[in-house]
Amino acid sequence: QPESAILAIGGLRKEPAVLTDAEGNDTIAIRSVQYFCLGFDHRLIDGADSGKFMLELKRVLETWDRPLS
């Protein structure tokens, strides 16, 4: 207490990933990957709301276009 949720953020690292182009062809490429884990108190937060939060976090990070400075 008093935390109702904790977001764990893993380190950024490069991993192989399978990419599919517009024609349906698969290729293997190296991509930067970072894992996020949300732990929350089910007595205070509904699981669906935490899922919506994680989807929004993913959307924001994948479409980030501002400089970090």
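Arg 59 forms a salt bridge with Glu 56, with 2.7 Å between the closest N and O atoms. The model is predicted. Both residues belong to helix 1, which spans residues 47-62. Arg 59 and Glu 56 are 3 residues apart, about one turn of the helix. Arg 59 has a relative accessible area of 44%, so Arg 59 is classed as partly exposed. Glu 56 is also partly exposed, because its relative accessible area is 39%, and the class runs between the 20% and 50% cut-offs.

The whole structure contains 4 salt bridges. Side chains of opposite charge can pair when their charged atoms come close. One further bridge joins the side chains of Glu 15 and Arg 13, with an N to O distance of 2.8 Å. The two partners fall into separate accessibility classes. Glu 15 is buried, because its relative accessible area is 18%, and the cut-off for burial is under 20%. Arg 13 has a relative accessible area of 48% and is therefore partly exposed.

Another bridge links the side chains of Arg 43 and Asp 41, again at 2.8 Å from N to O. Arg 43 reaches 73% relative accessibility, so Arg 43 counts as exposed. Asp 41 stands at 18% relative accessibility and therefore counts as buried.

The chain as a whole was examined next. The secondary structure of the protein chain amounts to 1 helix and 4 strands. Read from the N terminus, the order of elements is β-β-β-β-α. The radius of gyration of the protein chain is 16 Å, whereas a compact globule of 69 residues would have a value near 11 Å. Along the principal axes, the C-alpha atoms fill a box of roughly 50 × 30 × 20 Å.

Of its 69 residues, 6% are buried. Among contacts in the protein chain with a separation of 6 or more, 40% are between residues 24 or more positions apart.

Part of the surface is a nonpolar patch. Leu 7, Ile 9 and Phe 53 make up this patch, which covers about 270 Å². Ile 9 is located in strand 1, residues 5-9. The relative accessibility of Ile 9 is 54%, so this residue counts as exposed. The cut-off for the exposed class is over 50%.

A loop residue was also considered. Ala 22 sits in the loop that lies between strand 2 (13-20) and strand 3 (26-33). Ala 22 has a relative accessible area of 86% and is therefore exposed. In sequence, Ala 22 and Ala 8 are separated by 14 residues. In space, their C-alpha atoms are 34 Å apart.

Technical notes:
Residues are numbered from 1 along each chain as its sequence is written. This is a predicted model: local features need pLDDT of at least 70, side-chain atom pairs count only at pLDDT 80 or more; totals for chains, interfaces and linings use all residues. Side-chain values use heavy atoms; hydrogens and water are left out. Patches are made of residues with over 30% relative accessible area and no salt bridge: like charges are joined within 9 Å, nonpolar side chains (Val, Leu, Ile, Met, Phe, Trp, Tyr) within 5 Å. Accessible areas come from the Shrake-Rupley method with a 1.4 Å probe; for residues, only the protein chains shown count as cover. Helices (H or I, at least four residues) and strands (E, at least two) are DSSP runs, numbered from the N terminus. Buried means under 20% relative accessible area, exposed over 50%, partly exposed in between (1.4 Å probe, protein chains only). The radius of gyration is taken over C-alpha atoms; the globule rule is 2.2 Å times the number of residues to the power 0.38. Contact means heavy atoms within 4.5 Å.
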